[in-house]
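Subject: Structure handover

Hello,

Here is the structure I promised to pass on. My notes follow below it.

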Amino acid sequence: MIKKKIHNFEIGTLNYFATRAFLVGVTFNALINVVKRDSWIIPLISIPLDILFILLINKIIDYEPDLNLPQKIIKLFGKTLGKIILILISIFIIIMGILNYLTLNNFIQSQFLTRTPLIAIAILFMITIFYILCKGINVIAITSNILFYINIFLFFISFSGLISSFELTNLKPMFQSSLPDYLSGLNSYYAFHIVPMFLLTMIPKNSVENPKFKKTLIISTIISSITMGAVIFATLSTLGYELTSLYEYPEFHVLKQATIVGASSRIESILVIQLIFDIFIYCTLIIYMFSNSINELFNFKKINYIYLFGCILITIGTVYAAKYNVYLDNLMVNIIPIISSIFTIFITLITYFKIIFSKKKKTS
C-alpha cells in the first residue's frame, strides 16, 4: 500500500496535529475546570510523561518494522486473542473519533454556520477526509506537512497579535490548586494529548526514510505541548479566568482581541483555521487506523470501501451524539479521560511486555 517512503518530518507533523486535536472545546475546558488559572502549566510539566509514553510506543514501532500495528497485534497475541484486542482498539478509536469530530462540527455550527444543519457540515468535511484517505498514507503525510507550515504561521500571527492584550495579573494567584487537582489535570491532558500519539504506531517503521521515530516524536510532542501551553496562557492572560470559564470556546474568542500591525480587525475566522487543522488530521488518522484494523480482521480486498464505511460511521455517530451534547460535556471532562487513560495504558503495556517476552524467548 505504501509505495513511497515517508519522511521523518512528515511523521512529526502528523504527531503535532494528533496531539493537539482535542484542544478546542475539550482539553482546554477540562483543564480550566480542574486547575483553573494554572491550566497553562500542565502542558509544560507533562513533557516527561510525554517522553515516557514515546519510549513505550517506540518499542512497539521497532518491533517487526515491516508491519503496521494490527499486523503486530495478530503476530504477538495470535489470531483469537489478537482479533479480540483489535476489536477493542477499533471500538475505542472510533468512539474517540466521533467525539473529536463532534467537537469540530459543534464548533463550526455554533460560531460560523448557525443556520446550517450539523449533518451538512459533517458530510462536507468527511468528503475531504475520504478523498485523502483513498490517496493513501503518503498523501495524508504530505497534506499534514503543508498544513503544518500554515498552522505554525497562523500560530505566530495569533500569539504576537495578542501580546499587547496580555495582563499577567490575570494569572494570579498561581499554584492555588491542590495536588489531586493537578493529577486530575495531568490525567485529562494525558487522555486527550498523549493518547492520540498511539495512532503513529500504524505506520510501519520501514516505510519511513531513515526512520528516527523516537527523536521525531519527542521533538514534535514538545513543540505541540509548548504551543498548547501558549494558547492557554494567551487566553487566560488576555480574558482572565472568570471570563475564560464562561466561554464555550475561549481559545476562539480570545482571537477577537488579536491585532496585526497595530490595527484590530475581524481576523479570528482566519486565525482559528489552525485549530481546525488539528481535528481534521486527527480524524483522518483515526479512520485510517480503524480501517486497517478492520481489514486485518476480515481481509477485505478493497480498503477504500472500509474507508467509506469508517467515514459514514463517524458521520452518523456524530449526528446521533449531537443530540446528547449536554451529557457529553460532562463525560468529556470527568469520565472519558479516565476510561481513555486506563485503556491505552493497558493496551500499551501488554503489547510492550509481550514484545519484551517474545524477544527473550527467541534469544533463550
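This is a predicted model: local features need pLDDT of at least 70, side-chain atom pairs count only at pLDDT 80 or more; totals for chains, interfaces and linings use all residues.

Backbone points

Lys36 sits in the loop between helix 2 (23-35) and helix 3 (42-45). Its phi is near 55°, a positive value in a residue other than glycine.

Phe175 also deserves a look. Its phi is positive, about 55°, although Phe175 is not a glycine. The residue belongs to the loop between helix 7 and helix 8. Phe175 counts as exposed, because its relative accessibility is 56% and the cut-off is over 50%.

Pro173 is found in the loop between helix 7 (137-162) and helix 8 (179-194). The peptide bond leading from Lys172 to Pro173 is cis, and omega is near 0°.

Overall picture

The protein chain has 15 helices and 2 strands. A compact globule of 364 residues would have a radius of gyration near 21 Å; the protein chain has 20 Å, so the two agree. Along the principal axes, the C-alpha atoms fill a box of roughly 65 × 45 × 40 Å.

Of the 364 residues, 57% count as buried. The chain exposes about 16200 Å², and carbon and sulfur atoms supply 67% of that area. Now the contacts between residues at least 6 apart in sequence: 83% of them join residues at least 24 apart.

On charges, there are 28 positive and 16 negative ones. Their mean positions lie 12 Å apart.

The core

The largest nonpolar core holds 120 residues, and Tyr101 and Ile203 touch the most other members. Helix 5 (residues 69-111) gives the most to this core, with 19 residues.

What does Tyr101 contact, leaving aside its neighbours within four places in sequence? The partners are Ile121, Ala122, Phe125, Met126, Ile129, Cys283, Ile314 and Thr318.

One more residue

Is Asn295 buried or exposed? Asn295 counts as buried, because its relative accessibility is 19% and the cut-off is under 20%. Asn295 lies in helix 13 (residues 273-298). Not counting residues up to four places away in sequence, Asn295 touches Phe300, Ile303 and Ile306.

That is the handover.

Best regards

Notes: Residues are numbered from 1 along each chain as its sequence is written. Side-chain values use heavy atoms; hydrogens and water are left out. A nonpolar core is a set of buried Ala, Val, Leu, Ile, Met, Phe, Trp, Tyr and Cys residues joined through side-chain atoms within 4.5 Å. Buried means under 20% relative accessible area, exposed over 50%, partly exposed in between (1.4 Å probe, protein chains only). Helices (H or I, at least four residues) and strands (E, at least two) are DSSP runs, numbered from the N terminus. Contact means heavy atoms within 4.5 Å. The radius of gyration is taken over C-alpha atoms; the globule rule is 2.2 Å times the number of residues to the power 0.38. Accessible areas come from the Shrake-Rupley method with a 1.4 Å probe; for residues, only the protein chains shown count as cover. Lys and Arg count as positive and Asp and Glu as negative; His and the chain ends are not counted. The place of a charge is taken as NZ of Lys, CZ of Arg, CG of Asp or CD of Glu.
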